[in-house]
Amino acid sequence: MALNLQIVNGLTHIHENFPELKLDHPTVKRRCSVAIIIRFPGIDIPADIKDVQHVFDQVKREPSSQSAEILFIKRTSRKGDRWSGHVALPGGKRDPEDESDLAAAQRETLEEVGIDLVKDGLLVGPLDQRFVKTSWGRVTLMTLCPYIFLVSGVSTPPLKLQPTEIDRAFWISVSQLFGSQAGTNGYEIVPLGDRLRLHERPLIPRFLHPFIKSWVIGSMRFNAINLMNPLDMEVADFELGGYDAVPAPTELQLPYKLWGLTNGIILDFLEIVRPKTEIMKFSYPTMQALDLRLILAILTFNFRRKKQALFKSIPVPYQEGKMDLAGIALDGYFKYLAKSIIIGLALRATVVTLIIYKLFIKFVKRR
């Protein structure tokens, strides 16, 4: 399959040219690691093989009609968890006992899905580390460190999920991930009002909170990849939590939505496989309300054109330290989002005021 050969070429480039460049934040010391675990259907990795080049050569000799696959998890829904219920990659926070960011990715993967990447995985290499930010890019939460591993596509290590963290795990064909960045594949709606923390603002009456969240501010719309065909799904045994171990098919709630931080990591991987493809179709987050969306589109017209020109100018193949393409695309974007909301609310207030004024004048004339 041509795609598998492209994937092997991309992985070879990472393996040979992406040494781990540590990214340090001056004040935020929290670090997290995730594992992009890939398998090629029909390609085995014997226990004595420790070189990824053996796998690459095997794929080139025996191209499969099935695309390579990536392991994803769906996190358990938990109150107060920023990433509750999200589709993600195995991984988590680096502990003081971890020797390195790589060791954190290996440990977290073993704890969350039961795959021992030290014994059963082959390290391809790292993707660029990136700062994870919140509050529209103003606050840095942590440094995220992605690593790519290969596991056997014949005797794939069995999954053993950690039910307190992971709801389910499944494999997704890489072919399903391409062509998704233009926003035509899917999107995720995120209530923006929930992030305003209105409960911490005593001057705003509580009875107005639902109105402000739903009608005044509304929701944001993020591009997402619709994951329609999960393979070899494993569901956590939630006996302690009172959940069914194997839910009925109607409870799967497909498609799963791959968006946000994990989508950005996958974007980098796809770009290495097929340079200048997904990033040129990158869809910026916007507002769900049509008026705010239109204002934002007008305000960011030149901004988006400049970003397009920037991405065209980046030489390929991509080099270490030059990625986190979603982060580059969004750098400076959210100030326009804030302006669009302010302008939109001002226009709405003006229109409402004019309507009230017209009605008042008409009422006065009738009297």
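I265 has a relative accessibility of 2% and therefore counts as buried. The model in which this residue is examined is a predicted one. I265 belongs to helix α6. Beyond its neighbours within four places in sequence, I265 is in contact with V34, I36, L89, L127, R130, L144 and P146. For P146, the separation from I265 is 119 residues in sequence, whereas the C-alpha atoms are 7.6 Å apart in space.

Helix α6, spanning residues 260–273, also packs with helix α1, residues 2–17; the angle is about 105° and the axes are 8 Å apart. Because of this angle, α1 is roughly perpendicular to α6. On the α1 side, the contact is formed by L3, Q6, I7, G10, L11 and I14, and on the α6 side by F269, I272 and V273. Classified by type, the residues of this contact comprise 7 nonpolar and 2 polar, with no charged residues.

Attention now turns to aromatic rings, of which the whole structure holds 8 pairs. In one of them, F222 and W259, the ring centres lie 5.2 Å apart with planes at 50°, so the arrangement is tilted. Since F222 is in strand β10 and W259 in strand β12, this pair ties together parts that are 37 residues apart in sequence. F222 counts as buried because its relative accessibility is 15%, and W259 counts as buried at 13%.

The rings of F282 and Y284 have centres 5.0 Å apart and planes at 85°, so this pair is edge-to-face. Both residues, F282 and Y284, are buried. Ring pairs also link F282 and Y284 with F303, Y333, F334 and Y336 into a cluster.

Rings meet charges as well. The charged end of R221 sits over the ring of Y187, 3.6 Å from its centre, and that of R274 sits over the ring of F178, 4.4 Å from its centre.

Note on methods: Residues numbered from 1 in each chain as written. Predicted model: local features only at pLDDT ≥ 70, side-chain atom pairs only at ≥ 80, totals over all residues. Heavy atoms only, no water. Axes fitted to C-alpha atoms, helices over the stretch in contact; angles between N-to-C directions. Helix = DSSP H or I, 4+ residues; strand = E, 2+ residues; numbered from the N terminus. Parallel < 35°, antiparallel > 145°, perpendicular 65-115°, else oblique. Contact = heavy atoms within 4.5 Å. Nonpolar A, V, L, I, M, F, W, Y, C, P; charged D, E, K, R; others polar. Buried < 20%, exposed > 50% of the residue type's maximum accessible area, 1.4 Å probe, protein only. Phe/Tyr/Trp six-rings, centres within 6.5 Å; stacked < 30°, edge-to-face > 60°. Lys NZ or Arg CZ within 6 Å of the ring centre and 35° of its normal.
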